[in-house]
Amino acid sequence: MKIKNIIKACIFSTAAFIMASCSVDDEIKSLIYDREFSPVDFKAEVDNDTVKFTWTSPKPAESYVMEIYSNEVFEGEPDTVLTTNIIDTLKVKGLEHNISYLARMKAVSKDKKESKWTELTQPFEIKQKEAPAPKPVTHNVTFEEFAAGSAPASWGDGKFVITPTDPNGKMVADANSCYFYEKGGSEFVHFTSRLKSGGKSSATANYLTLTIPGDGKLYIYVRTGSNGDTTRDIIVTQNDEVLKDYTLVEADMKTEGVEVPGEPNPVSVYTPVEVDVKKGIAVITYPVNGVNFYGFTLISLDEEGAGEPEEPQGPTGEDGVITFEAGAEVADGAEFVFGSAKIVINNGGGKFAIDANSQYFGDASSQTRYTARMKTGAKSADANGVALTLDVEGTVVIAMRSSSSSADRAVSLVDATGATVASWTVGDSNATKDVAIEGEAEPKTVFKYYTVNLKAGTYNFTYDGGLNFYSLQYAPLTFHAW
């Protein structure tokens, strides 16, 4: 028989060819297995983070092996090898996003050789889902009327919050009609009441703290407290950076003779102060003299869950300690930072001073020696004060004494609303006397530390006579005390 005829017989009569060609019988069986068991119609479908592979087989095999390769090539070791006895479907999770993959699979039988690999004809990729773009949220704050000394603890909607620091009760809100350009545009917003600051800001009193839920733009509807005074300003700070220092000049902010719907006669319309702010805490002060706030608008990209309390995850602040250097000056507004806390000194009366003075604080078993002290020189007042600010909830330990060894001092910490959060009687009567200390020839008196747990915020010390500070220490809390 000629070779040409043998090939023709293979094409048209497989059975006859098998009987006539025993020498290639094993190869023919392999071909039959490949044809009858190899996966066909092999596809990959991506659904979110899951890839669904499907295939069919002319005849089911005992199992199937799948190999998955990244970067669209069947080279080297596969990224993933999977085995299944399911005959038509396999779901795979855990593949990385934004990577092109190829896959191939084969049938496996105990009694017969493995089939040839069947490869995907197209690569697949699990796309990383893009977070939806945040939508701007508008927060508005206005002021209801209240008498001096009765300012609310805060204003706002629980996310954008304005907290007054007014320990001397100078702020008041009264009725007053005024038009502003809403958000600095062409529309009008009508206010019927205003918040009067009652005076200028100091380091420890008369300012506003703003909780900002997301990056955005802040509009401050504000006027000077005296129309003829062109020196009064407001300063907006955030993270110790001045974002805006704006002088409130009536003529610059006012447009006269504006026709406003609903008003029988033309009125004056004012332009708000505009500031770009970040998520976090901002402070508004007015160091020259009193100003009048009519309202606030914040348009911000709020973060999910902003304004909702979070479960504590352990300390997130930084430890710190303050000690003093004899002879150093104490300027009005001086800051002493210790970790995630700081104190700010109101020395408008010029009474504060730092001098050398050696004292021990602690108890009979453990003591720390300090060699200098900061003296307030008088009782707390508008021009004499210490403000304590915590960036993170924590514990503050204070080494302090009365300026008179024979007189106790009533010392308190007051929060931004004027509420007392801690009170102590500071005097030598509660010191531990005659303590033997290594290195000291004679027993010494050891004075008491005063400890308080505080939430993040600003607090003011009050004291009814001169007070001497030797040290302040801060440590973040590992849990919430409230």
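Analyst: Here is a short tour by topic, starting with the ground rules. This is a predicted model, where local features need pLDDT of at least 70, side-chain atom pairs count only at pLDDT 80 or more, and totals for chains, interfaces and linings use all residues. Residues are numbered from 1 along each chain as its sequence is written, and side-chain values use heavy atoms, with hydrogens and water left out.

User: Sheets, then. In what order do the strands of the open sheet of 6 strands come?

Analyst: The order is E24-E25-E28-E35-E30-E31, with antiparallel pairing. Strands here are DSSP runs (E, at least two residues), numbered from the N terminus. Two strands pair if DSSP finds at least two bridges between them.

User: Which are the edge strands?

Analyst: Strand E24 (335-338) and strand E31 (420-426). Each pairs on one side only.

User: And by how many degrees are neighbouring strands turned?

Analyst: By 20 degrees on average, direction ignored. The axes behind that are lines fitted to C-alpha atoms, and angles run from 0 to 180 degrees between N-to-C directions.

User: Zoom in on E30. How many bridges does E30 share with E31?

Analyst: E30 covers residues 409-414 and pairs with E31 over 6 bridges, in the antiparallel sense. Ser412 stands opposite Ser423 in E31, and Val414 stands opposite Thr420.

User: What about the pairing with E35?

Analyst: E30 and strand E35 (residues 457-463) run antiparallel, joined by 4 bridges. Ser412 turns up again here: its bridge partner in E35 is Thr462.

User: What holds such pairs together in general?

Analyst: Strands of a sheet pair through backbone hydrogen bonds.

User: Why is E30 called largely enclosed?

Analyst: Because 5 of the 6 residues of E30 are buried, the rest of the structure largely encloses this strand. Buried means under 20% relative accessible area, exposed over 50%, and partly exposed in between (1.4 Å probe, protein chains only).

User: Which residue has a positive phi in the hairpin of E30 and E31?

Analyst: Gly418, with phi near 95 degrees. That hairpin has 5 residues between the strands.

User: Where do non-glycines take a positive phi?

Analyst: Asn48 is one, at about 55 degrees. Asn48 is in the loop between strand E1 (40-47) and strand E2 (50-56), and is partly exposed at 48% relative accessible area. Asp240 is another, at about 65 degrees. Asp240 belongs to the loop between strand E16 (233-238) and strand E17 (241-247), and counts as exposed at 67% relative accessibility.

User: New topic. How many aromatic pairs are there in the whole structure?

Analyst: The search finds 24. Rings of Phe, Tyr and Trp (its six-membered ring) pair if their centres lie within 6.5 Å; planes under 30 degrees apart count as stacked, over 60 as edge-to-face and the rest as tilted.

User: Why is the pair of Phe180 and Phe191 edge-to-face?

Analyst: Their planes are at 80 degrees, so the pair is edge-to-face, with ring centres 5.8 Å apart. Phe180 lies in strand E12 (residues 172-181) and Phe191 in strand E13 (residues 188-196), so the pair ties together parts 11 residues apart in sequence. Both Phe180 and Phe191 are buried.

User: What sits over the ring of Trp117?

Analyst: The charged end of Arg104, 4.3 Å from the ring centre. The test wants NZ of Lys or CZ of Arg within 6 Å of the ring centre and within 35 degrees of the ring normal.

User: Last one. How many cavities of 30 Å³ or more does the search find?

Analyst: It finds 1, and the largest cavity has a volume of about 30 Å³. On a 1 Å grid over the protein atoms alone, a cavity is a set of points where a 1.4 Å probe fits but cannot get out. Volume is the space filled by probe spheres set on the points.

User: Which residues line the largest cavity?

Analyst: Phe361, Met400, Arg401, Val426, Gly427, Asn430, Phe447, Lys448 and Tyr450. Lining residues have an atom within 4 Å of a point.

Terms used:
1 Å grid on protein atoms, 1.4 Å probe; cavity = no way out; pocket = protein on both sides within 12 Å on 5 of 7 lines; lining within 4 Å.
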